[in-house]
Amino acid sequence: MKFSCKVGIVPVDISRTGHSAPKPCYSTVALGHHGPEKGGRGSSGNTSGQPLYLKICSDKNKLGTRYKVTSNIKQMFHRFAMSQGRATVSLHHPKLDIHFSEAKPNELCQLLTVLRMPADKQLTWENVTSLADLSVTKKAVKKLVITKTGDYRSSLLKLPDTLEQFEASSLGVVEIDVRVLRLSSLRSINVSNNSLSQLPERAAWPSNLTQLDVSHNKITVISLEFCNSSLSTSLVNLNLSNNPIERLPELLCEFKSLAVLDVNQCSLVKLPFTLGCLKQLQHLDVSHNRLRYLPKSLMNLHLSELKVAGILFDPVMISRRNWPPESTWTVPTLMDLAATVIVQNRIPHEGLLPPIMTMYMRSALTCECGRPVFLNGLECMTTQPLHGIATKAQYNPDRDREPVETAACSRRCLERFRHKLFPLPQV
């Protein structure tokens with residue numbers, strides 16, 4: 001049995017000496033029999049019946065130190081920390097505590113299971129490791145930052161499987177290499193300030209990826225395949241700023257875990273009406289775009305920070321003459337009626353309806369009377385104070401209300417709302 005983790009060895013009487021406890025360091029831990037040294041006789045002989053030893057090797061102690069564990073375990077502490085990869089083993093001789101941290105829970109559990117065995121079972125334990133040939137394992141590489149263009153291709157040839165952060169900025173990269181996407185432990189990708197024109201569509205993204213920074217590139221379209229990828233359940237932070245993107249797909253609502261969305265200084269002319277479905281969203285930056293108004297669904301969010309500075313909203317959008325005439329209202333379709341009943345009565349429907357019906361219900365706006373409004377409704381504009389949406393809002397200093405899209409479910413609600421916003425002068 002052999003695995004790697006952080007190990008701290010603390011003598012029991014260290015408090016009496018006045019010295020501080022040594023810091024834990026990344027080490028290789030092995031459990032096995034005390035075989036002969038490398039090159040000695042009988043190195044391949046039968047070691048059954050010998051006591052078990054725990055050997056710990058580190059960069060500072062490459063030869064390692066052996067600790068007898070058979071009939072030498074005083075106490076083990078792991079009850080509430082096993083799932084976090086932490087445990088402590090206390091020995092009788094020498095009197096010290098061995099602290100394990102940042103270990104894989106299954107490997108640590110296997111070690112503690114053997115240490116709990118009675119002495120007679122430990123002597124006949126079959127999963128034997130040769131401690132004589134054990135050497136230190138190099139510390140796992142978790143972060144890779146490529147700063148030179150000439151190093152990019154060579155670095156892709158030797159990507160470690162333990163990599164969690166990958167950064168390749170300002171290198172002229174035109175696509176995200178598929179070898180990067182194959183890293184199962186990857187949590188963050190930063191390929192900003194490059195020449196990307198699109199995001200990988202059919203590639204299998206790492207299942208643990210939470211941060212993706214593709215800002216300052218040449219991306220024009222966010223495809224539907226990207227929204228339907230495995231990122232829809234894991235992505236938390238998405239930075240698309242400084243890309244010539246005109247529209248975001250309505251399927252953006254599939255990113256259920258998205259908490260930070262940055263589309264600053266893009267070319268957006270409209271935000272998706274499903275933006276309000278991102279219930280986990282906390283930080284939204286849409287500043288310096290070509291937006292004419294904000295979607296009504298934005299009012300359903302409770303953001304920590306909202307940035308809309310630098311947007312020249314069209315004042316005509318909130319004028320009375322921009323409202324639709326009553327003659328444009330049409331009779332609700334069968335799909336509208338069915339969707340209204342499901343939404344109003346909160347009928348469970350996940351996985352029971354066709355995807356097109358589910359998407360249609362997500363497109364619903366809310367009338368002033370509280371009823372859902374779909375494509376047959378009468379869209380109109382109103383103004384809303386942004387401080388009611390977010391705890392911290394950055395907007396144009398000359399006004400604190402911005403145009404927001406809304407809708408009426410009937411001609412009666414449209415006229416009622418019209419008189420509320422633009423009351424007729426009294427004679």
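Asp, Glu, Lys and Arg count here as charged, Ala, Val, Leu, Ile, Met, Phe, Trp, Tyr, Cys and Pro as nonpolar, and the others, Gly among them, as polar. The structure is a predicted model, in which local features need pLDDT of at least 70 and side-chain atom pairs count only at pLDDT 80 or more, while totals for chains, interfaces and linings use all residues. Residues are numbered from 1 along each chain as its sequence is written, and side-chain values use heavy atoms, with hydrogens and water left out.

**View 1. The second largest pocket has a volume of about 500 Å³.** A pocket is an open set of points on a 1 Å grid over the protein atoms alone, where a 1.4 Å probe fits, with protein on both sides within 12 Å along at least five of seven lines, and lining residues have an atom within 4 Å of a point. Its volume is the space filled by probe spheres set on the points, which are joined across faces, edges and corners. The lining has 18 residues, of which Tyr26, Lys104, Ala140, Lys142 and Thr162 are the closest to the centre. By type, the lining of this pocket divides into 9 charged, 5 nonpolar and 4 polar residues. Strand E1 (residues 2–11) gives the most to this lining, with 4 residues; strands (E, at least two residues) and helices (H or I, at least four) are DSSP runs numbered from the N terminus.

**View 2. The largest pocket has a volume of about 620 Å³.** Among its 22 lining residues, Lys279, Val343, Met361, Arg362 and Ala364 are the closest to the centre. Helix H8 (334–344), helix H9 (355–362) and strand E16 (365–366) each give two or more residues to the lining, which divides into 9 nonpolar, 8 polar and 5 charged residues.

**View 3. Serine 188 lies in strand E10 (residues 188–190).** With 16% relative accessibility, serine 188 counts as buried, a term for under 20% relative accessible area, as against over 50% for exposed and partly exposed in between (1.4 Å probe, protein chains only). Leaving out residues up to four places away in sequence, serine 188 touches Glu164, Gln165, Phe166, Leu209 and Gln211, where contact means heavy atoms within 4.5 Å.

**View 4. Helix H2 (residues 105–115) has Leu108, Leu111, Leu112, Val114 and Leu115 buried.** Seen down the axis of H2, these buried residues fall within an arc of 160°, so they line one face of the helix; the arc is that of the directions from the helix axis to the C-beta atoms.
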